[in-house]
Amino acid sequence: EGLIEFYDSFKDMFEFFCKNTTIHGTIRLVCSDSNRMKTAFWTLLLLASFGMLYWQFALMFSQYWAYPVVLTMSMHSEPKMFPAITICNLDPYRFELVSEHLVQLDRMAEESITFLYGVNTSASLFHMNEKNIRIKDLSSIGNLSTSSFKLSQNFSLLRMFDRNNGSGRRHSSVGFRLCNATGGNCFYKTYSSGMDAILEWYRFHYMNIMSQLPVIINISDHEEQIEDMVYSCQYDGEPCRPSDYVHFHHPVFGSCYTFNSKGTDSFWTATKPGIPYGLSLILRAEQKDHIPLLSTVAGVKVMIHNHNQTPFLEHEGFDIRPGIATTIGIQQDEVNRLGGNYGKCTTNGNDVNVKLLYNNSYTLQACLHSCFQHIMVRKCGCGYYYYPLPPGAEYCDYNKQPAWGHCFYQLYNRLRNHHLNCFDQCPKPCRESLYKVSAGTAKWPSTKSQDWVRQALRHQNGYNSTSNRKDIAKVTIFYKQLNYQSVNESPLLSENLLLSSMGSQWSLWFGSSVLSVVEMFELLIDTLVLSLLFCYQRFRSKKT
Amino acid sequence: AMAPGKKITARIKRTLPVKGPQAPTLSELMRWYCLNTNTHGCRRIVVSRGRLRRFIWILLTLSAVGLILWQCAELLMNYYSASVSVTVQFQKLPFPAVTICNINPYKYSSMKDYLSELDKETKKALETFYGFSEGKSKVRRSVDEGNSTGTDFFKQIPLLKFEDFSKTATDLRSGQKRKIEGSVFHKDSSIVNSGDSNDIIGFQLCDANNSSECALYTFSSGVNAIQEWYKLHYMNIMAQIPLETKEELSYSADDLLLTCFFDGLSCDKRHFTRFHHPLHGNCYTFNSGENGTILSTSTGGSEYGLQVVLYIDEADYNPFLVTSTGAKIIVHDQNEYPFIEDIGTEIETAAATSIGMHFTRSRKLSKPYSDCTETGADIPVENLYNKSYSLQICLHSCFQKAMVDSCGCAQYAQPLPAGAEYCNYKKNPNWMYCYYRLHEKFVKEQLGCQQICKDACSFKEWALTTSIAQWPSTVSEDWMLRVLSWDKGQKINKKLNKTDLANLMVFYKDLNERFISENPANTLVILLSNFGGQLGLWMSCSVVCVIEIIEVFFIDSLFIVMRRQWQKAKKWWNDRKRDQSGKPPEASDLERQGHDNPICIDEDLPTFNTALRLPLPQDNPLPRTPPPNYSTLRLETAFTEQLPDTLEVEQH
């Protein structure tokens, strides 16, 4: 027997095929003897079953290629880590380098209020707090001389009257004017309330002043310590350790501390649900009012977030009132998306076009901010102060880029109206943890206990208030239950099931299998080879 | 004449014509199978012309088998998956039980007898460490010095001031410096210690039998240290007081509840059930279902929920035990135990707290879908709480049992197992050290509680949304306080203060019940039809052909092998016999095999089957039994030659 033996003739081949094929039904058409009725009948049957089969296949594949997902919810109860907690004292530093300008700005704000409302209410408001934060390495940044900066008078607050509405009453709004570089295309940034306008106006100037500061401020070694803010810290009944927190300074929320930011230390494992096993903090919640007009809220901002995530306090922060014990119960929810064909999501942000400016793990918020900052640098030539800078760029300053405000507010509006494609460029993360928060409050310290509590704090923690003002707060953050709900996407039609149902359809209508198709394939190849062989033979015989 | 035994075998053979396999040898059997089976691929192995072709077909068939096995295994592995359905029903919802406690467990004024010693000690500690003295005029001297509840024990476990961890500590009583000796295990130093005076306050617990074994407890703030230390002694004192007395000492329903309003109707203390919590004193449960009826609200919204005004007597608070003022509430099912100390929500005084609820019921599938328990009956931990099973209950019960086993007494915050009593250092001087050690073990999961206790399969959850408003408003304050004090004034002559009152509203936000239930995603029918699909897709196989495979490849092959062995054995036996008798062996006997071998053929009379058995064709591709395919072309042509109506198409 040879390696491959070929048939003597086409007839031999077809005979062999008809005898040995495993395809049901249809083969009668070719292989059965010629009865016209029978042939016609079998042809019809074949066509009908073919039609049915491919119709079903089409339905099946169209469903599969739509990549439908089902949501499955499951409860998990394995032990896990306590989330990262960030607390901020809402009191940004008044850096010495820019303090002169801040004083000027406060004076300007005072004038504006007097101009707008006619009353000199601000005398007590702007009593200057003389404590300035000194940056240690002044020599290295000495070239940034303070004199080069000048507060711009171009953006003064104005009152505008809107007479267009039919009610007859005059509605006034307060705002300030922003123009582009050539002084054209001006628009007013207006607010119905003067308070909002003043805060926004102040913030705008504040950003310009702060842009004078070097990008990397080494605040770790100046006098502000965690003891000034956190009087007591306990987790699961044990005191927190020095390695458990990370300090950073936020231009609006002031000094912030993140506990358990890495989430790797076994100290922070959540063992039991309940208040006694959570993180309990006694905080100083009094405002030192370094910069009074930046924020009008007193208290402490708390945010519960995932490990290795940049906390965006402006989005998800939780305010703690002074004089109150707040117990925050958290419950975790997890969302797992399939990604790939089943929907756009990213596992670690590596496949996202936007270069992240935050060196933490990917979040949608971080991507949006980075995207905006990149566009800002490209369009306006400078970076927005509250977001990190891409390499080579510098923060906006109206002495250098007089029109940046105009550019920024327009960009921001476009972002809000989804005209910038940041929302398209930033996919959701494939794996998301959400913390559901609910809080209860009680008065703290109670009248009966406040004397000794204050005394103990005063003595041991450098708490230096003698009055009974509400200036301390207690926060307890705990897991309400350790089991968490996870919502998972899973494919409705897996490949496995698709093949199964294809097989069912195939068997049902056609009675053949993949191997039968291979048989057909073999027949096809044989036909080709045979015809080639015969052609060759004829060619040779002609030649001879 | 046949022996009677042989006769019977002959008869059995005749009536039950059990035939051997279809072929005498293994290779013949395989060939026979491949030609006759319905399964695709096999026939090609045999009929294909050329070795390469044959090899490719063997490869294809085997890979098809492999694919079938792989896919079916995957189907089987995914069999126990559950799909989740969420249904939202609008219906009349039963109102949950609402348990309300004052944050302060017992009236401080009535606790004086029990706590005066401890308070004196605490004040002394405060004075020593912080130079703090509570209002000079009010230094009360307790008269009954004789009733020393536990002075010795305060000495034994004193508050200490540690100076920079130099292993010396200042005793609060004597002011003497003590040297800390022995092996001390303590937590890392805290981040929050004061800037200038680097001293830390804490206490140490020592093993009574072996004083060199000590656990040192330090705290980041003096506030925590004093509270913890106070609580430690407080629990020892409270453990000695019988339950009835404790209930007397705590708040009555009249003390706590000023007004009550439910579903638009007035209610009173009869709707509340007293529940004594070891740490929170008397708590009152609204709608506990104890008298058999469970109330429900007619509609959602704050008007139709529970509205109560609570009287929080701040002046009667224990200053060291609790530092916050207000009430604690918990919303739970009537069958659930309220774990107030763990997950209670706090309520502020001088404020109206409205709590909106959203009801969710969940059900999980138990084994084999997930590891949960329906009733808790299958868990080897005794439920101490007399309420329906939950993970929390199981963990607490498990710990309490371990505590009784190893320390000899029960922890104060959890219910008593039968025959045990609460720990106090009069009877069990060593219990605190034992407890802290045990708790450490528990947290490290060395007690095995976390492994034994499982989740409950079904649970109810009320998601709460809290909002707070100032209450009473400045304009309504005057008349409201007057009316409320008049109401209360019938019992006590005291002017109410708005900081002593708390207004609480608990209501359903809507009457939608969200029911999350897991259902098996696969049934047996679906699994089988998926199996069928896979078998059909790759090889056009079915259950029958699986049986065929089992028959041919296992039973028949085994039979052939057995027969071969039997023949060998028989031959060996015959040879031996022949050697003994001296006869030369017949050469032809050895060579012949299979059908031609007379040994192989049954020795009895020819039956219908044996008579009909044809000798196996040597190179005839036509199988003996009609094949299941439609390949009888040659036979058909033989017939059609005799049929005149088909002659015209015939090419022969």
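The points below take up the disulfides in turn.

1. This is a predicted model, in which local features need pLDDT of at least 70, side-chain atom pairs count only at pLDDT 80 or more, and totals for chains, interfaces and linings use all residues. Residues are numbered from 1 along each chain as its sequence is written, chains are lettered from A in the order in which they are written, and side-chain values use heavy atoms, with hydrogens and water left out.

2. With a disulfide taken as a pair of cysteine sulfur atoms within 2.5 Å, the count over all chains is 16.

3. One of these joins A:Cys382 to A:Cys396, with the sulfur atoms 2.0 Å apart. Its S-S torsion is about 90°, so the disulfide is right-handed. Both cysteines lie in the loop between α8 (364-380) and α9 (404-416) of chain A, so the pair ties together parts 14 residues apart in sequence. Helices (H or I, at least four residues) and strands (E, at least two) are DSSP runs, numbered from the N terminus.

4. In chain B, the sulfur atoms of B:Cys372 and B:Cys457 are 2.0 Å apart in a disulfide. The pair links distant parts of the chain, 85 residues apart: B:Cys372 is in strand β17 (residues 372-373), and B:Cys457 is in the loop between β18 (455-456) and β19 (458-470). B:Cys372 is buried at 5% relative accessible area, and B:Cys457 is buried at 0%. Buried means under 20% relative accessible area, exposed over 50%, and partly exposed in between (1.4 Å probe, protein chains only).

5. A disulfide also joins B:Cys541 to B:Cys545; the S-S torsion is about 130°, so this disulfide is right-handed.
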